[in-house]
Amino acid sequence: MFDRLQRSWDLTRECFKLLAADRSLLVFPLLSAISMTLIIASFALPLYPVVRLYSQQGYAQTLSSLVYAGMFAFYWLQFSIVIFFQTALIEVAMRRFDGQPATISDGIARAWSRLPVILSYALVAATVGTILRIIAERVGFLGRIVVGLIGFGWAVATALVAPVLAAESVGPLEAISRSG
């Protein structure tokens with residue numbers, strides 16, 4: 001197990017060296033941040049008046065259902081965007097580690113070709129995130145700690161999903177299994 005962690009740490013260090021050497025690769029996190037800002041705005045601006053109206057009118061159950069549906073959609077889009085740009089960055093990094101030329105458009109093309117799998121993985125991740133959030137809101141203090149630990153375990157197990165999606169032609173469940 002420690003050998004795997006060491007390899008992951010070494011790969012992470014090499015990726016940071018690559019980013020330091022070629023600042024043009026920072027376009028991927030920048031595009032991801034811009035996309036996330038637009039997604040946040042597209043959810044927050046239209047939902048604010050709806051949430052305010054429903055909370056004033058006493059429609060707590062309807063509001064709760066709307067919030068969970070909105071949260072699920074937000075999680076799904078968020079995970080899709082983040083994994084898309086991570087996949088693109090990892091593709092370019094892997095090619096360069098292999099001594100091959102790679103451009104930003106090569107990374108985007110690889111991520112685009114993996115889009116169905118990225119969206120499928122994001123659907124799984126959004127489902128897990130929403131379920132954990134619903135459970136956390138319904139349990140007491142100790143239950144929230146347990147749910148937090150489960151969420152942490154999920155985050156650790158799926159931390160390397162993007163490299164698996166970029167490097168291999170596998171589905172979302174296989175990517176989660178390989179990441180773990």
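This is a predicted model: local features need pLDDT of at least 70, side-chain atom pairs count only at pLDDT 80 or more; totals for chains, interfaces and linings use all residues.
Student: What makes the chain's pattern α-α-α-α-α-α-α-α?

Tutor: The protein chain has eight helices and zero strands, and that pattern is how they read along the sequence.

Student: Why is threonine 87 called buried?

Tutor: Buried means under 20% relative accessible area. Threonine 87 comes in at 0%, so it counts as buried. This residue sits in helix 3 (residues 60-97), and its contacts include Ala111, Ile118 and Leu165.

Student: Why does glutamate 91 count as buried, while arginine 95 counts as partly exposed?

Tutor: Same cut-off: buried is under 20%, and exposed is over 50%. Glutamate 91 has 10%, so it's buried. Arginine 95 has 27%, which lies in between, so it's partly exposed.

Student: How do you know that arginine 95 and glutamate 91 meet in a salt bridge?

Tutor: The rule asks for a side-chain nitrogen of Lys or Arg within 4 Å of a carboxyl oxygen of Asp or Glu. Here the N to O distance is 2.8 Å, so the pair passes. Both residues lie in helix 3, four residues apart.

Student: What makes arginine 95 and aspartate 106 a salt bridge?

Tutor: Their closest N and O atoms are 3.4 Å apart, which is within 4 Å, so the pair qualifies. Arginine 95 is in helix 3 and aspartate 106 in helix 4, so the pair ties together parts 11 residues apart in sequence.

Student: Which residues do salt bridges with shared partners join into one network?

Tutor: Glu91, Arg95, Asp106 and Arg110. Arginine 110 pairs with glutamate 91 at 3.9 Å, N to O.

Terms used: Residues are numbered from 1 along each chain as its sequence is written. Side-chain values use heavy atoms; hydrogens and water are left out. Helices (H or I, at least four residues) and strands (E, at least two) are DSSP runs, numbered from the N terminus. Buried means under 20% relative accessible area, exposed over 50%, partly exposed in between (1.4 Å probe, protein chains only). Contact means heavy atoms within 4.5 Å. Lists of a residue's contacts leave out its neighbours within four places in sequence.
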